[in-house]
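Visitor: Please take me through this entry, and tell me how each term is decided as you use it.

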Amino acid sequence: MSVINTDVEVTSNEQVAEETFALRFHSPSLAGQLLPGQFINIRVSDAVEPLLRRPYSISSVHGEECEILFSLLGKGTHILATKRAGDRIGILGPLGNTFGYEKDFGTAVIVAGGIGVAPFPHLTRVLQQRAIPVLTFLGARNANRVVTRGLANVHVATDDGSEGFHGTVIQALAAYLDSHEVDRPRLFACGPNAMLKATQAFAHERGFACELSLESEMACGIGICQGCPIERTEGERKYALVCTEGPCFDSHEIIFHEHHHA
Amino acid sequence: MNTSYTLGSMHLKNRVLVASGTFGYGNEAAPYTDLRALGGIVTKSVSWLPRQGNAPTRIAETPAGMLNSIGLANVGIDAFIAEKLPFLREIDTEIIVNIAASTTEEYIRILERLEGEEDIAAYEINVSCPNVKEGGLNFGTRCDMTETITRELRRRTERTLIIKLTPNVTHIADFAKSCENEGADAVALINTLVGMAVNFRTRRPVLSTITGGLSGPAIKPVALAKVFEASKAISIPIIGIGGITTWQDAIEFLLVGASAVQVGTASFRDPDAAVKIARGMETYCREEGVEDIQDLVGALHIDAGTAAPGFVKAREQEKV
């Protein structure tokens, strides 16, 4: 594996749902080595404002191109949304660990909330190449925000009931599991911390293997700023760093607290 | 063209160091940059015992800057020597260990422990961390405490001794003077400015510690003024820190009186930033016909008759 810290060319940027975009860029070296769950840090502009890079999961790989999914949240994503084919962005990566897709399990159960769907198309493809069954539960605010590209066997839940199950993604998942036989499930979850916390509780209650891909404020992405701690359940060290020890954690490894607003 | 610099007993190949707390212990950034091209690496602060650091949220982006409240998270002296130092000593650059403590005795204990280890070129004493409850800023905002620590450490080491100063004081020059009087080889300034970020939606502070330390390009003008102020008051070298992101920034710090610089927050944006800055400074010197980069130190042109800022004038009168 070799690290990449360079400017790359944007090849396309299209709106795929309400306030949600899929941006592709050309990077054969990243495309050739990226594993499911890893992320990159993007510098959206040469200017010092906004100052920091932003972490993004790689959503999918297409030949020599990589795709990220993002929704409009703040300064960085608004600038990214203006990028057109031929524009350049700075990328640093690949960063972080990977999903435990090589572990022993029967069915991969993907649980995604909002833009937390981002890392799952790539994971889905790798799982399908390995002939592992995939079930996907996708929670969104409403029908206009549902992004299913690259996913398999998708069950949608919306907050307002405008598409699929009316309720949370966890309620949809519980209802499905109560009425279907699923062989040795392993949960892969990504989304807002409140959703991850609920997924963690649900998995522990039912005794399912579960891993959580975390989002965090991050300055560097490589472990030098120490800015992205998540509390660990045991061990001498109180915190793990999301950027280098994550972003994927076993659900038994970490503790969410009230002050996690993200 | 000469970019090297001798500071106390330490020989720097160039004027660019990476700042404490922004470069870990060197190993994390190693894949992204050529560590040998740095003048030196100032380590993440080392305390006697390991420190877990503050609860999240620890960082907040601000206009052209960022706030941090890491809380000196570090592995402690034993693990530093056993696990971090072996990697650092293999790098062909100077290693400056940054020391943080809550009491004068703890500073002494850490320094004495490190005296037994080879390949450490210098100590940078952190008397200016705004993010811990005990020690830190309490030392750095009291001249008498800064003096005591400098004196006690000076008598215990022949290695280069650098005191890192906080800008969160009325006259930073007074503190620089205290360090000079007690035998420090250099002062490094500035550490972060106390700042705060608020989320209007949740109506809560963004950081878990409410306030944090502001860094990045936003603080560069403050840092330039503080280095300028200190340079008028002392004759020991100053290491300039504060928002340095480009080689142009670094040259500006030399002009106002810094003999070397540290690159901090810029490394978060680009782990190769400090090396790019060092190379840029070299190119600038070559293009401008500067044979020794030392010629730029304090070479700021101020037209005759320009009224000096109040703080500088006050000190000059004092000297007379």
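Visitor: What share of the contacts in chain A with a separation of 6 or more is held by residues 24 or more positions apart?

Guide: The share in chain A is 62%. Two residues are in contact if their C-beta atoms, placed from the backbone, lie within 7 Å. In chain B, among contacts between residues at least 6 apart in sequence, 72% join residues at least 24 apart. This is a predicted model, in which local features need pLDDT of at least 70 and side-chain atom pairs count only at pLDDT 80 or more, while totals for chains, interfaces and linings use all residues. Residues are numbered from 1 along each chain as its sequence is written, and chains are lettered from A and ligands numbered from 1 in the order in which they are written.

Visitor: How many helices and strands are there in chain A, and what makes the chain as compact as a globular protein of its length?

Guide: Chain A has six helices and 17 strands; these are DSSP runs numbered from the N terminus (helices H or I, at least four residues; strands E, at least two). Its radius of gyration is 18 Å, close to the 18 Å from the globule rule for 262 residues, so chain A is as compact as a globular protein of that length. The radius is taken over C-alpha atoms, and the rule is 2.2 Å times the number of residues to the power 0.38. Along the principal axes, the C-alpha atoms of chain A fill a box of roughly 50 × 45 × 35 Å.

Visitor: Why is Phe23(B) called buried?

Guide: Phe23(B) has 29 other C-beta atoms within 10 Å, so it is buried. The cut-off for buried is 20 or more other C-beta atoms within 10 Å of the residue's own (exposed: 12 or fewer; partly exposed: in between; C-beta atoms placed from the backbone). Phe23(B) lies in the loop between β3 (16-18) and β4 of chain B. Setting aside residues up to four places away in sequence, Phe23(B) touches Ile224(A), Val18(B), Ala29(B), Ile41(B) and Ser267(B). By the buried criterion, 49% of the 262 residues of chain A qualify, and 56% of the 320 residues of chain B.

Visitor: What makes β14(B) largely enclosed by the rest of the structure, and how many bridges join β6 and β11 of chain B to it?

Guide: Four of the five residues of β14(B) (residues 211-215) are buried, so the strand is largely enclosed by the rest of the structure. Strands pair if DSSP finds at least two bridges between them. Three bridges join β6 (residues 65-68) of chain B to β14(B), running antiparallel, with Ser215(B) as the bridge partner of Met66(B). Four bridges join β11 (residues 193-196) of chain B to β14(B), also antiparallel, and here Met196(B) is partnered by Thr211(B).

Visitor: How do you know that both faces of β4(A) are covered?

Guide: Arg54(A) and Tyr56(A) on one side are buried, as are Pro55(A) and Ser57(A) on the other. Four bridges join β3(A) to β4(A) in antiparallel fashion, and Pro55(A) is the bridge partner of Asn41(A).

Visitor: Where does the kink lie in helix α1 of chain B?

Guide: A kink of about 40° lies at Glu83(B) in α1 (residues 76-89), shortly before Pro86(B). The bend is the angle between axes fitted to the seven residues ending at a residue and the seven starting there. Ile77(B), Phe80(B), Lys84(B), Leu85(B) and Leu88(B) are buried in α1(B). The buried residues of α1(B) pack against β4 (40-42), β7 (94-100) and α2 (104-115) of chain B.
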